[in-house]
Amino acid sequence: MEKKHKEHKCVICSGESDGGEFCVWHKLSYEKLEEIFKLWQESMEISWREFLEEIRKNPNTGVWVREVASYILKKKG
Amino acid sequence: MADGYTVIIAEKPDAAERIASALALNSDLKRKVEYKTTYYEFKRDGKKVVVVPALGHLYTVTQTVGGRNYYPVFTFDWAPKYEAEKGAKRTKRIIALFKKLSKNAKELINATDYDIEGSLIGYTIIKYAFNGREHEAKRMKFSTLTKEELNYAYENLLPHLDFELVEAGRTRHEVDWLYGVNLSRALTLSAFKQNGKYTTLSIGRVQGPTLKFIIQREIEIRSFVPTPYWEIKALAEIDGETYELKFEKDKIDKKVEAEKIVKDCFGKLGKIASINEKEIKRNPPEPFDLGSLQREAYRFFGFTPRRTLDVAERLYLEALISYPRTSSQKLPPTINYEGILEGLSKNPNYQKLAKLLLSQKSLKPKEGKKDDPAHPAIYPTGNLPERELTSDELKVYDLIVRRFMATFSRPAKRLSTKVSIECNGYKYFLYGGRIVDEGWFFFYKPYIEVEETILPKLRIGQEVLLKDVRYVTKFTEPPPRYNPASLLKVMEENNIGTKATRAEIIDTLYDRGYVRDEKMVATELGFKVIETLNKYCPEITSIELTRDLEEKMEKIEKGLENRENVLVEAVNQLKPVLTRLKNMEKEVGAELSEAIQAEFLRKRIVGSCPKCGTGKLIILRSRKTLKRFIGCTNFFGGKCKMALPLPQKAAVQTTEKTCKSCGWPIIIVKPRGRRPFNVCINPDCPLKQAKNQ
């Protein structure tokens with residue numbers, strides 16, 4: 001029961017999730033990351049990991065996006 | 001009635017004094033004080049006249065059944081303000097004076113500001129303090145408090161009150177009350193029942209959609225992913241001088257493309273392919289309505305819309321400018337252009353400019369599209385200040401005077417040159433420009449920025465050395481945060497709120513802790529309030545619904561809609577919403593409580609502790625002395641004893657800013673009745689020491 005409860009919380013902010021890893025705002029940010037990554041790839045040669053690292057340190061990056069990028073980088077080690 | 005008199009109702013004490021002085025002519029003006037309220041008495045045409053000030057609204061909408069912790073409430077009535085609001089004690093004395101004067105009042109004249117609020121202020125006084133004599137009262141209509149206009153308005157009284165404006169005002173107050181009281185109570189009581197702490201959470205018919213604009217922007221900013229692009233920066237050498245060129249494309253999407261351009265053009269010779277000269281005309285600006293004045297004052301002086309409105313109202317009460325709460329961009333000839341300019345020519349600051357305009361063959365102002373049936377655009381009266389103006393007043397007055405004069409001037413003309421340079425198949429442009437006819441710029445200085453770039457003599461086919469070409473990596477930026485002026489513009493564009501209420505609504509968002517900082521950042525509480533409303537009652541934050549209701553209220557002003565219909569519609573909209581909120585009180589309360597606590601804590605956190613480096617400095621209150629001070633959160637674990645004093649009599653606000661000199665946190669101190677100031681909390685801050693020396 002407790003495990004199921006945990007599954008419904010965002011791994012970043014503990015906000016309500018619809019069963020996935022993220023709440024609505026972090027999910028939105030993740031989707032935007034995926035979408036914009038394609039634009040980066042069209043502009044230059046870059047891997048997903050390099051992209052996330054660039055995004056994490058860019059001052060224009062939104063706070064939710066930075067949290068998602070940091071989470072993915074940390075998760076993948 | 002042998003000793004009957006005329007009672008003239010003014011909106012404020014300053015207005016009463018000015019009206020009385022203007023209308024008394026050569027008669028003996030008596031200043032009287034009763035119920036601690038000053039009013040004026042004089043004789044005119046053999047009649048006794050008294051001018052009595054209100055203090056804004058003396059009556060307000062209030063509920064007729066149930067207590068404060070009760071909703072929904074749909075039954076209401078108008079009552080003296082002091083009965084409904086704790087901070088309105090002064091209104092009791094003024095109402096008492098009006099009631100006393102009502103006994104022998106022969107004739108009643110409403111001389112409050114000619115707009116919805118003013119009309120309603122006068123109407124409620126006449127209806128409730130003068131025993132329902134609203135249908136026999138007359139109306140004075142004026143746009144400035146100058147002697148001439150006041151006397152004209154008195155001699156040409158409107159035969160009855162402006163009932164359409166009154167109805168529109170009543171409806172607006174009643175609808176806003178229904179929304180504000182019910183929704184605010186629903187949110188506040190839901191949170192209170194959940195966490196046992198009372199925090200006022202307000203939301204209203206206009207406040208909800210306004211906050212939603214900020215939240216929508218906040219979502220865009222927080223979820224923004226930057227995209228790279230490249231810009232080409234190029235410098236050309238012509239006749240030994242260096243000029244900056246503009247590349248044909250603003251943005252290059254691919255890095256390899258930018259690299260190729262640099263490789264192909266750096267240090268190469270380009271050739272002038274064309275030279276185009278064009279005269280560009282810039283028309284004079286439109287006269288100020290309230291919104292454009294507020295935006296321009298924010299742009300040049302950093303004044304919030306509220307501050308500009310307050311200053312403009314003081315200038316109006318000094319009879320220096322016309323009524324500022326206007327949405328008109330028209331200056332009708334009846335305001336007497338020549339008379340105003342002649343008046344301004346007596347002021348050494350504007351003498352030269354005014355005389356120049358007076359020497360023109362004719363005076364015709366540039367006007368905008370917006371109109372207001374009640375008042376013209378904001379204009380100076382031409383009167384000279386009777387007292388020394390404050391710095392804020394001088395700034396706003398100067399802006400209004402120069403804008404007014406600029407509207408009568410001719411367009412400014414600029415000769416613009418565009419030189420096209422080709423290099424290895426790429427195009428670069430060199431731009432030059434100079435003013436050939438200053439036109440209205442001359443009158444509007446220093447509120448106009450003019451850039452001039454004089455180019456040397458050039459010819460087609462001439463070779464130009466591109467001595468430096470490089471690319472710069474840039475990233476797209478999130479949309480800017482709203483500031484009070486840009487938020488006001490969005491409210492105007494979406495037709496939500498009125499010119500009189502918008503500035504106040506923006507202030508309320510700050511007061512409730514829904515937003516912070518000048519570049520408006522939504523707090524977690526603001527976010528949660530909108531999130532909760534969107535979840536349980538999205539219609540409350542709907543811009544379309546608010547606008548729709550707004551349009552209906554505007555129709556009442558024009559006599560095309562009636563109050564009852566609009567009230568019934570508002571109640572029908574609210575009933576299902578409030579039922580839903582009541583049924584979900586527990587869920588709503590739980591969602592809001594967390595955000596309230598987070599906001600409460602955020603307001604108390606001053607910054608990181610510079611002593612221990614790990615704790616947070618927080619505003620605390622001593623249990624022994626009950627005095628406020630700043631302490632470290634590590635104190636409770638016995639790790640840090642950092643403690644700093646705080647002023648006890650002034651309000652204190654945290655900022656998230658740090659001192660440029662020592663890096664310690666900065667707080668804002670707000671002394672009562674004085675302007676707030678920033679202060680570094682470090683008692684040994686080098687900046688403070690330097691100031692003391």
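Axes here are lines fitted to C-alpha atoms, for helices over the stretch in contact, and angles run from 0 to 180 degrees between N-to-C directions. This is a predicted model, where local features need pLDDT of at least 70 and side-chain atom pairs count only at pLDDT 80 or more, while totals for chains, interfaces and linings use all residues. Residues are numbered from 1 along each chain as its sequence is written, and chains are lettered from A and ligands numbered from 1 in the order in which they are written.

**Chain B overall**
- You'll find 21 helices and 23 strands in chain B (DSSP runs: H or I of at least four residues for helices, E of at least two for strands, numbered from the N terminus).

**Helices α17 and α20**
- In chain B, α17 (residues 524-536) packs against α20 (residues 585-604) at about 170 degrees, with the axes 8 Å apart.
- α17(B) and α20(B) are therefore roughly antiparallel (an angle over 145 degrees).

**Helices α7 and α16**
- The axes of α7 (residues 207-222) and α16 (residues 502-511), both in chain B, come within 10 Å and cross at roughly 65 degrees.
- That makes α7(B) roughly perpendicular to α16(B) (65 to 115 degrees).
- B:Q207, B:T210 and B:L211 of α7(B) make the contact with B:I505, B:T508 and B:L509 of α16(B).

Terms used:
Parallel < 35°, antiparallel > 145°, perpendicular 65-115°, else oblique. Contact = placed C-beta atoms within 7 Å.
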